[in-house]
Amino acid sequence: MVEKEVERTIDALLEERREFEPPKEFTAQANANDPSIYEHAQKDPEAWWESQAERLSWSKKWDKVLEWNPPHQEWFVGGKLNASYNCLDRHLEESGDRIAYHWIGEPGDARSISYQELHAEVCKLANALKELGVQKGDRVAIYLPMIPELPASMLACARIGAVHSVVFGGFSAGSLRDRINDADCKILITADGGYRRGQNVPLKENADEALAETESIEKVIVVKRTTDDVAMSDGRDIVYSDLLESQSDKCEPEEMDAEDMLYVLYTSGTTGKPKGIVHTTGGYLTGVSSTHHLIFDIKPDSDVYWCAADIGWVTGHSYIVYGPLANGCTSILYEGAPDYPDKDRYWSIVEEYKATILYTAPTAIRAMMKWGVDYPQKHDLSSLRLLGSVGEPINPEAWIWYQEFIGAGKAPVVDTWWQTETGAIMISALPGITKLKPGSATVPFPGVVADVVDEKGEPVGPGSGGYLVLKRPAPAMMRTIFGDDDRYRETYFERYGDETYFPGDGARLDDEGYYWLLGRVDDVMNVAGHRLSTYEVESALVAHESVAEAAVVGRTDPKEGQAIVAFVTPRSGHEGNEDLSKELRQHVGKAIGKIARPQSIIFTDDLPKTRSGKIMRRLLRDVADGNELGDVTTLQNAPILDEIKKKADSQADDKDDK
Ligand code: WT7
């Protein structure tokens, strides 16, 4: 990362110096309240993780805790278990009537589903999948809105040993197609549509478009969510409810090896092609159940826990589906947007369901800050006892606001750092033990060994910026990239060797060993808590007939974390104007999904390049952020920068006028 950037971020973080000790009453009741847990885990990480694996139900105990052949790791080797059994069956005897999900649809419909009911639905779907020929190891694509059928579909796959690949409902037909093809999925589970801000999201239409260019899908299961009539292809498409009608609500869970694949989930890397992150069964479930229990301090018989992410991202996989269900707790599952029908939707849900724990993203918190305190203050939020944040660094101002206006000044705020690849939270406070510092994700979870190092891998020590690394395996970590183990090694281990995992984030340690995350250090952007690669957006842009060349950077944005700025050179005969700008935004939305649409497009005759022709994104980032330009001596065409800068400034002026 550019030095300057690091310094600026550190300065901003240091402005807020308040610290918060865990409230005594919280500690007294906390699942984790003995600081020696850290020492024990440090002394013998494997024994610690083993104790956490014992939280689960295994049909056969493991022979070995960890098999580490760097860069590969295997956990609980020889152990057997089933994820859906752990999430459902084992709770039935004592708490089958407990609500698993209070589901709330965006239009206002709602349904509360008990563990017993979810179990029955999962079994029926699992039987149906088997009838359709799905076998252990087969991949099933899932493209659904946030409805109960989504977790049910994931668990039905897990029950029979099929691998699910959930594709976020906001992704386009093209993104769905690429993911289906990469993992060779046999079945697609989708819906006629879903609701988002009162609009209908045409999932089935997108799916049909995607399926025109996939060969592996044999059957499509369609959940009826809306009242819309959608095209159904004869012999291929089946209505979900019809399929389940005749099925038995009993289905023996498949005994899985701890290291059998549970799911694949795609995330952006530094190339245009998303990576299929592979998670396996025993280690993953151990990691998510342990972190969920200790960080969110879950009390299954009294808490109403709400993770307001989408299941289409890893946050939802780990902390709406697998963690909470493995722990047998009651969750809220909300389908829609935070500002629909009005900007107090979250707070009316918290009040109505007496939510005790809320886990959301800084971008949402900042939006709520902007909307004003009147919205939360209209509601009784006194049930909330713990708050969580994830997805990007949370600025201290947003942290304090969250604690003050949502948590009534008393609820601890746990800022949790992790990634699709790590599967579970890696750096976070334990709210009954750890002193909090707004803006810091605090310390590594017990059993996680991290550090901040320089280019050469030397620890930088307290005070300076560097690169975050993880120095030991952890059970919920990814195992590989689907179908591309070479890329796994290159992406995460080339930099510091096979034993040191490099997540791609900058960080700083303070003198108490607290971690301050400083954002991505590669060509990956973080837009509203979602990861996107600059190359992905660039590839989409240059695929448009009017574009000769494009470079994309993330501009620091007060609301979204980063906003996408595209520098585009039009082909001759095409003019870079408002109309083209609109068209390109639409085009990118269609190619990837709405979240990938550039916030601004700056047309330019050329891009700043080194003599070898490499585009200098670093300089474009400076332009986008309105900073003084970094070193330009290696540029082949320096004058173009002045021109680009002028254009960018005049665009910024336009914005101010509005
Ligand atoms: C990237 C991972 C983990 C679920 C959501 C995103 C950034 C995530 C934090 C945090 C600072 C954070 C990192 C990371 N990130 N949480 N608490 N503080 N940065 O998952 O799409 O895999 O993105 O999000 O840059 O590498 P993801």
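## Salt bridges in the model

A salt bridge is a side-chain nitrogen of Lys or Arg within 4 Å of a carboxyl oxygen of Asp or Glu. Side chains of opposite charge can pair when their charged atoms come close. By this rule the count comes to 42 salt bridges.

This is a predicted model, in which local features need pLDDT of at least 70 and side-chain atom pairs count only at pLDDT 80 or more, while totals for chains, interfaces and linings use all residues. Residues are numbered from 1 along each chain as its sequence is written, and side-chain values use heavy atoms, with hydrogens and water left out.

## Pairs between distant parts of the chain

E421 and K275 form a salt bridge, 3.6 Å from N to O. The two residues are 146 residues apart: K275 lies in strand β15 (residues 275-280), and E421 in the loop between β20 (413-416) and β21 (450-453). Strands (E, at least two residues) and helices (H or I, at least four) are DSSP runs, numbered from the N terminus. E421 is buried, at 1% relative accessibility, and K275 is buried at 3%. Buried means under 20% relative accessible area, exposed over 50%, and partly exposed in between (1.4 Å probe, protein chains only).

E213 and R177 also form a salt bridge, with 3.2 Å from N to O. Here 36 residues separate R177, in helix α8 (residues 173-183), from E213, in the loop between α9 (203-211) and β11 (219-223). R177 is partly exposed, at 22% relative accessible area.

## A further pair and a network

D606 and K609 are joined by a salt bridge of 3.5 Å, N to O. D606 is partly exposed at 25% relative accessibility, whereas K609 is buried at 13%.

A network of salt bridges links E19, K435, K437, D510 and E512.
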